[in-house]
Amino acid sequence: MWKTMNGRYSCHGGKGEIGTAAPIQLCKDVVRMNINWAERMSCMENPAVKAILAITQRSDVISFAGGLPSARSFPVEGLAAAFATVLNEQGASALQYGISEGYEPLRDWVADRVGRQGIRCTAANIIIGNGSQQIIDLIARTMLDPGDYVALENPTYLSAIQIFKGAQARFIPIPLDQEGMRVDMLAEQIKKVRPKFIYVNPTFQNPTGVTMTVERRRQLAQLAAEYEIPVIEDNPYGELRYSGDSLPAVKSFPGGDWVIYVGTVSKIVAPGLRVGWAIASETIIDKLTTAKQLTDVLTNSLTQRALHRFVTDQDLDQHIAMIVKQYRQQRDVMLAAMEEHFPSSVTWTVPDGGMFIWVTLPAIINTNDLLPAAIEEEKVAYVPGTPFHADDSGHNTMRLNFSNSTPDLIRTGVARLGALLKRYLK
């Protein structure tokens, strides 16, 4: 686009006089942008996440890919009433700036809620963020310098890996088994290379669904205190339990002062609210608050107040019980369908809660290469396992999400996927 001598703007024949209503467009093929991007941008690209989000928008594909809660579980009417009440009663203050730490009554509610997991804290130990994803990013911003090491489960939450890569961190991948992270192997690695912090998703882990045992939680808290290494305890799924007993948080054990507990309402109320939190010492909360002030100043004031009104006026435990009943059925349907349709050489986890089942195939199968055939031939999608591994392993694994599909779609989708696997494993 350029300005001509007669006062017109032109771009490949398009034009509009100054002062007229004619549209002015900037053609992509006219302007060439040669930007010297920051080095960290090369670490932040995540084609896996982009592909997952794109798949979830395709109506012709049964998707087990996204980590999405069921929209059928969203308390639309209760939230609508909460927002209306807040606007009617607190409209001016709800639409004004607030403090970066978050709405204090909501922080008080969080402190009370996590008491069920053995965590003792006050509002002063809590910061509210735009989802737990932002909290993890703020932790990375405040703690990581380029070249620092992060110890984490292998596999683990793929977006956490990307956040830490964006901070130009290096990784100490620690295997996990049916009892969670191998804390004994973590202890051995710490003696060799000291990480800046340890990241764990101990309850209904994403992607495997595995839950860390009480004894390993105790050992992890003790290890953190012994070596004075912070632990990031990420717990978005903990209240979605379908079987077994609830477990205390890692932060509740001796040594828990070194644990930063991260939580969210995304899986128990709605992800679109974008409300999460960190619980830590006041020193850590102060640093996270400084980082948040430089990022977005504060989390949406109206949403925080409306959420607080919702959890005050509604029976959240009853709402969660409804979600648990729905998801338990969907998990059981998926497990039964896999038992019926998957080849005998394929194995999978049986999670006590959460939203995912982790599948391991024979080593001859690469799930990255198989995905296009799954989508185009069978119209079913999953997430390949490699992006969940900090060391790029796991080529023969995949994650299946059962929370965002109806039982009928789960049966159909698993049957399709099973047929594909049988063809490729002949």
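We're working on a predicted model, where local features need pLDDT of at least 70, side-chain atom pairs count only at pLDDT 80 or more, and totals for chains, interfaces and linings use all residues. Residues are numbered from 1 along each chain as its sequence is written, and side-chain values use heavy atoms, with hydrogens and water left out.

**Exercise 1.** Work out which residues line the second largest pocket and which elements supply them.

*Solution.* Start with the term: on a 1 Å grid over the protein atoms alone, a pocket is an open set of points where a 1.4 Å probe fits, with protein on both sides within 12 Å along at least five of seven lines, and lining residues have an atom within 4 Å of a point.

Next, the lining: 26 residues, with Gln117, Asn235, Gly238, Glu239 and Ser246 nearest the centre. Then the elements: α4 (104-114), β11 (259-264) and α11 (316-341) each give at least two lining residues. Helices (H or I, at least four residues) and strands (E, at least two) are DSSP runs, numbered from the N terminus.

**Exercise 2.** Find the largest nonpolar core and look at what Leu400 touches.

*Solution.* A nonpolar core is a set of buried Ala, Val, Leu, Ile, Met, Phe, Trp, Tyr and Cys residues joined through side-chain atoms within 4.5 Å; buried means under 20% relative accessible area, exposed over 50%, and partly exposed in between (1.4 Å probe, protein chains only).

The largest core has 72 residues, and Val269, Trp277 and Leu400 have the most contacts inside it. Its largest share, ten residues, comes from α11. Now take Leu400: its contacts (heavy atoms within 4.5 Å) include Phe64, Met334, Met338, Phe342 and Leu417, leaving aside residues up to four places away in sequence.

**Exercise 3.** List the buried residues of α4 and say what covers them.

*Solution.* First, the list: Leu106, Arg107, Trp109, Val110, Ala111, Arg113 and Val114. Second, the cover, which includes β5 (126-129), β11, β12 (276-279), α10 (301-313) and α11.
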